[in-house]
Amino acid sequence: MKRRQFLQWSGAGLMVGALGSQILRAAPLPVPHPGMAGKAMDAAWFRASRRYAELPFGRIAYVERGAGPAAVFLHGAPLNGFQWRGALERLAAHRRCIAPDLMGLGYSEVPEHQSLAAEAQAAMLASLLDSLSVESADIVASDCGSAVAQLFLARYPSRVRSLLLTNGDVEIDSPPAGVKPVIEMSRAGTLADATARWLTDTALARSTFGAAVYVRPAGLTADAIAYYVTPLVSSPLRRAQYHAFHLALDPNPLAGIEAALKQSRVPVRMVWGASDTIFKPSDADYLDHVFPQSRGVRYVPEGKLFFQEEFPEVIAEEARRLWGLA
């Protein structure tokens, strides 16, 4: 499977625009060595620590670490809460860190006819927080998880203390052009088979998916691939839900949300991988202008879509600052 068959790249090396207030252009970060992020919280730790909440939506998988005020970490696709292992390890001293798996991804188990749309994901998140006795939380989000975070804020504004948004959907760019081939593969019923091949061909996973979304695709280990991919293709139902998750991304789940976001008084910070070919730096600029309490944008020059996994220290630094701890 060639790279363009999985994702269309909308151009590499996008230049960071001059728009937006309080924009920080970060100095180049050292390129991480393969597997350097999250060594203590590896796949085995996540597997052993996984819990399930029995909700009206199904059995929702999540991992929790730390104590104190809650912070929720929302992952992208085709990932799960494991994406945030490095951030959790660094932030558990300050927050009760909760990393759920969205419905249709990861290890959450939901009924066949359960909606997997972003609105339903936001409702599920509210139910999960109720079950964990969490009234409000700081939310950190990536990719499609950013759409869920924005919808959650619009629907439950009193339950959000702050938002830290990384590369992900915005109303003017959802779904982005680079994701539409994945949606078409889902419509054709071929995405699950293509993804399953990564389980037996690590080199393929790294040269296609990995090269697109990581600075160092070699850091995508066989254990990480297995932890991400195995539940997605584990049964005919899970394969169908993997497809349904992506089909729910179109039409735009954020259509009409801007007015609600403009009313928000929640502090928001954007941390954006500037080398991402899917979500443009201008998407971060847009959010910076929409949120009245925006704390500006930090660009990570080397960062691609899932830079959070490779540079967890950046997420931890920005979260502590947004939370008033630095």
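Predicted model: local features only at pLDDT ≥ 70, side-chain atom pairs only at ≥ 80, totals over all residues.
Colleague: How does Pro 111 count by relative accessibility?

Modeller: The relative accessibility of Pro 111 is 43%. Buried means under 20% and exposed means over 50%. Pro 111 therefore counts as partly exposed.

Colleague: And what does Pro 111 touch, leaving out residues up to four places away in sequence?

Modeller: Pro 111 has its C-alpha atom 8.9 Å from that of Leu 237, although the two are 126 residues apart along the chain. With residues up to four places away in sequence not counted, Pro 111 touches Phe 57, Gly 58 and Gln 241.

Colleague: Now for helix α4 and α5: are they roughly parallel or roughly perpendicular to each other?

Modeller: Helix α4 covers residues 118-131, and its axis lies 8 Å from that of α5. The angle between the two is about 65 degrees. Angles of 65 to 115 count as roughly perpendicular, and α4 and α5 are therefore roughly perpendicular.

Colleague: Which residues of α5 make the contact with α4?

Modeller: α4 passes α5 in a right-handed crossing. On the α4 side, the contact includes Ala 122, Leu 125, Ala 126 and Leu 129. By class, the contact has nine nonpolar, one polar and two charged residues. From α5 come Val 148, Leu 151, Phe 152 and Arg 155.

Colleague: I'm curious about Arg 159: is it buried or exposed?

Modeller: Arg 159 sits in the loop between α5 and β7. Its relative accessibility is 12%, and the cut-off for buried is under 20%. Arg 159 therefore counts as buried.

Colleague: Which side chain does Arg 159 join in a polar contact of 2.9 Å?

Modeller: Residues that Arg 159 touches, beyond four places away in sequence, include Ala 126, Leu 129, Asp 130 and Phe 152. Among these, the polar contact of 2.9 Å links the side chain of Arg 159 with that of Asp 130.

Colleague: Moving on to helices α6 and α10, is their crossing left-handed or right-handed?

Modeller: Helix α6 (residues 180-188) and helix α10 (residues 236-247) have axes 8 Å apart and pack at an angle of about 135 degrees. That angle makes α6 oblique to α10. Their crossing is left-handed.

Colleague: How do the residues of that contact of α6 with α10 divide by class?

Modeller: α6 brings Val 182, Ile 183, Ser 186 and Arg 187, while α10 brings His 243, His 246 and Leu 247. Among the α6 residues, Val 182, Ile 183 and Ser 186 are buried. The residues of this contact divide into three nonpolar, three polar and one charged.

Colleague: What about Gly 210: which residues is it in contact with, leaving aside neighbours within four places in sequence?

Modeller: Gly 210 belongs to helix α8, residues 202-213, and counts as buried at 0% relative accessibility. Its C-alpha atom is 9.5 Å from that of Phe 306, 96 residues apart in sequence. Gly 210 is in contact with Ala 205, Pro 217 and Leu 220.

Colleague: Finally, for the protein chain, what percentage of residues count as buried?

Modeller: The chain has 14 helices and nine strands. Among contacts between residues at least 6 apart in sequence, 79% join residues at least 24 apart. Of its 326 residues, the share that count as buried is 59%.

Technical notes:
Residues numbered from 1 in each chain as written. Heavy atoms only, no water. Axes fitted to C-alpha atoms, helices over the stretch in contact; angles between N-to-C directions. Helix = DSSP H or I, 4+ residues; strand = E, 2+ residues; numbered from the N terminus. Parallel < 35°, antiparallel > 145°, perpendicular 65-115°, else oblique. Left-handed = near helix turned anticlockwise from the far one by under 90°. Contact = heavy atoms within 4.5 Å. Nonpolar A, V, L, I, M, F, W, Y, C, P; charged D, E, K, R; others polar. Buried < 20%, exposed > 50% of the residue type's maximum accessible area, 1.4 Å probe, protein only. Polar contact = N/O pair within 3.5 Å; in protein donor to acceptor, adjacent residues only side chain to side chain.
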